[in-house]
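Please keep the structure in view while reading.

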Amino acid sequence: MVHHRISRDEMLMRTAYVISARGTCPRGKVGVVIARESRIIATGYVGSPTGQAHCTDPNTDCEIGVHGGCIRTVHGEANAIAFAAREGVGTGGCDLYTTLAPCTECAKLIINAGIRRVVYHNQYRDSAGIKLLLNSNVAVDEFPGELTKITA
């Protein structure tokens with residue numbers, strides 16, 4: 001019997017998808033994992049700031065900004081970086097796994113957090129964030145294709 005062992009990149013991307021299920025904006029469930037040497041140090045997902053109404057709360061909807069995105073929420077990358085900062089966990093030299101390529105604002109946070117590599121699974125509607133990361137010497141990898149089926 002041949003056993004297929006998934007790569008560390010796939011393990012961390014799968015984890016990002018699990019984290020995305022916590023998201024509270026129905027327009028985009030993005031999950032993020034920050035890892036050092038393939039060990040998770042922080043996670044984040046799309047959601048409103050602590051104590052604020054979520055898009056999924058009764059009598060609440062998304063607030064759409066001029067660029068078409070929901071402005072009620074904090075992006076998963078920002079939430080993961082903020083959590084690490086709040087807890088005093090350094091992100092310098094880490095890898096960030098995200099289910100959706102970062103926007104420009106999140107790319108700026110990633111650069112200033114010292115993250116060395118970003119792995120994303122799906123394209124964002126605007127590639128400016130990826131271009132900014134590459135111009136700032138952050139390695140960027142698109143996770144190839146579909147995630148493989150896990151068998152026991």
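Asp 9, Asp 95, Arg 116, Arg 117 and Asp 141 are linked in a network of salt bridges, a salt bridge being a side-chain nitrogen of Lys or Arg within 4 Å of a carboxyl oxygen of Asp or Glu. The model is predicted: local features need pLDDT of at least 70 and side-chain atom pairs count only at pLDDT 80 or more, while totals for chains, interfaces and linings use all residues. Residues are numbered from 1 along each chain as its sequence is written, and side-chain values use heavy atoms, with hydrogens and water left out.

The structure holds 7 salt bridges. In one of them, Arg 117 pairs with Asp 9, and the closest N and O atoms are 2.8 Å apart. This pair links distant parts of the chain, since Arg 117 lies in strand β4 and Asp 9 in helix α1, 108 residues apart. Helices (H or I, at least four residues) and strands (E, at least two) are DSSP runs, numbered from the N terminus. Arg 117 counts as buried because its relative accessibility is 14%, and Asp 9 counts as partly exposed because its value is 23%; buried means under 20% relative accessible area, exposed over 50%, and partly exposed in between (1.4 Å probe, protein chains only).

Helix α1 spans residues 8-20, 13 residues in total, and reaches 18 Å from its first C-alpha to its last, close to the 18 Å expected at 1.5 Å a residue; the expected span is 1.5 Å times one less than the number of residues. Its buried residues are Glu 10, Leu 12, Met 13, Arg 14, Ala 16, Ile 19 and Ser 20. They pack against β1 (31-36), β2 (39-45), β3 (95-100) and β4 (117-122), where contact means heavy atoms within 4.5 Å. Glu 10 and Arg 14 are 4 residues apart, about one turn of the helix.

The strands form an open sheet of 5 in the order β2-β1-β3-β4-β5, with mixed pairing; two strands pair if DSSP finds at least two bridges between them. Its edge strands are β2 and β5 (139-142), each pairing on one side only. β3 and β4 pair in the parallel sense over 5 bridges, and Tyr 97 stands opposite Val 119 in β4.

Helix α3 (residues 104-112) holds both Glu 105 and Lys 108, 3 residues apart. These two form a salt bridge with closest N and O atoms 3.0 Å apart.
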